[in-house]
Amino acid sequence: MKSVLVFAAHPDDETLGCAGTIAKHNHQGDKVNVIILADGESSREGSKKSHIIKRQNMAIQALKILGVKDIHFLQFPDNQLDKVPQLEIIKKVEATFKKINPDIVYTHYSEDLNIDHRITNSITMVLCRPQNKIAVKKVISYEVLSSTDWSFSSTKHFSPNYFVNISEFIDKKIEASNCYSSEMHQPPNTRSIDHIKLLAKHRGATVGYQYAEAFYTIYERND
């Protein structure tokens, strides 16, 4: 059994980025934890505490479908992680990170359009520095529709080098994504159920699967 940790900037990123892989890990008997750094709502006009709670409940329901019970909500302000001292975020995460003691860590791609995604990647890399007594064997970044694909100005576009066959779990990914009803849009918006399935089909066809999720491996150790 492996210890798996998924970092997400906001509730829904974990599902958009790697829902099928999360479901597969649970199916294989791995222990999956999810840490969500920001509330995903407080930057929006007219945002209320009830909206934050509703978004959190969406995450709980989505991750229940994927088989995850251990969710850690840190509730930092949405789209403002760059205004919070990095040390403050690390201190709030570190004890949980050490307790989880992950073998595999999933995080955001470093060049995403959303600032919270980029900060989450940076925090992850600080915590996963390959030092003695650090258990992490593999650190992987995932793609998020409407952030990874909209990062047009970046010269380092997401170029996956690791693919997970989620053909048996695509229905769970779609079901979990539907829990985030307020975050889904109608086609041709990139963040739509149609496009989620289309991307999984494209990533799968790239490597000979029916459906897949694509990742960029940041580092991997073979102890």
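A residue counts as buried when its relative accessible area is under 20%. In this predicted model, Thr-190 has a relative accessibility of 7%, so Thr-190 is buried. Thr-190 sits in the loop that runs between helices H5 and H6. Two polar contacts involve its side chain. One, of 2.6 Å, links the side chain of Thr-190 to that of Asp-149. Another, of 2.9 Å, links the side chain of Thr-190 to that of His-195. Leaving aside residues up to four places away in sequence, Thr-190 touches Leu-145, Ser-146, Asp-149, Trp-150 and His-195.

H5 covers residues 170-178, and H6 covers residues 193-207. Their axes lie 10 Å apart, at an angle of about 150°. Angles over 145 degrees count as roughly antiparallel, and H5 is therefore roughly antiparallel to H6. The crossing of H5 with H6 is right-handed. On the H5 side, the contact is formed by Ile-170, Lys-173, Ile-174, Ser-177 and Asn-178. H6 contributes Ile-193, Ile-196, Lys-197 and Ala-200. By class, the residues of this contact between H5 and H6 comprise 5 nonpolar, 2 polar and 2 charged.

H5 has a further helix partner, H1, which spans residues 13-27. The axes of H1 and H5 come within 8 Å, and they cross at roughly 135°. H1 and H5 are therefore oblique to each other. This crossing, too, is right-handed. From H1, the residues in contact are Thr-15, Leu-16, Gly-17, Cys-18, Ala-19, Gly-20 and Ala-23. They meet Lys-172, Lys-173, Ala-176 and Ser-177 of H5. The contact of H1 with H5 divides into 5 nonpolar, 4 polar and 2 charged residues. Lys-173 and Ser-177 of H5 take part in the contact with H1, and Lys-173 and Ser-177 also take part in the contact with H6.

Gln-210 then touches Ser-167, Ala-200, Lys-201 and Gly-204. Among them, Ala-200 is also one of the H6 residues in contact with H5. Gln-210 and Ile-174 are 36 residues apart in sequence. In space, their C-alpha atoms are 15 Å apart.

Definitions and conventions
Residues are numbered from 1 along each chain as its sequence is written. This is a predicted model: local features need pLDDT of at least 70, side-chain atom pairs count only at pLDDT 80 or more; totals for chains, interfaces and linings use all residues. Side-chain values use heavy atoms; hydrogens and water are left out. Axes are lines fitted to C-alpha atoms, for helices over the stretch in contact, and angles run from 0 to 180 degrees between N-to-C directions. Helices (H or I, at least four residues) and strands (E, at least two) are DSSP runs, numbered from the N terminus. Angles under 35 degrees count as roughly parallel, over 145 as roughly antiparallel, 65 to 115 as roughly perpendicular and the rest as oblique. A crossing is left-handed if the near helix is turned anticlockwise from the far one by less than a right angle, and right-handed if clockwise. Contact means heavy atoms within 4.5 Å. Ala, Val, Leu, Ile, Met, Phe, Trp, Tyr, Cys and Pro count as nonpolar, Asp, Glu, Lys and Arg as charged, and the others, Gly among them, as polar. Buried means under 20% relative accessible area, exposed over 50%, partly exposed in between (1.4 Å probe, protein chains only). A polar contact is a pair of N or O atoms within 3.5 Å; within protein, one must be able to donate a hydrogen and the other to accept it, and residues adjacent in sequence count only if both atoms are side-chain atoms.
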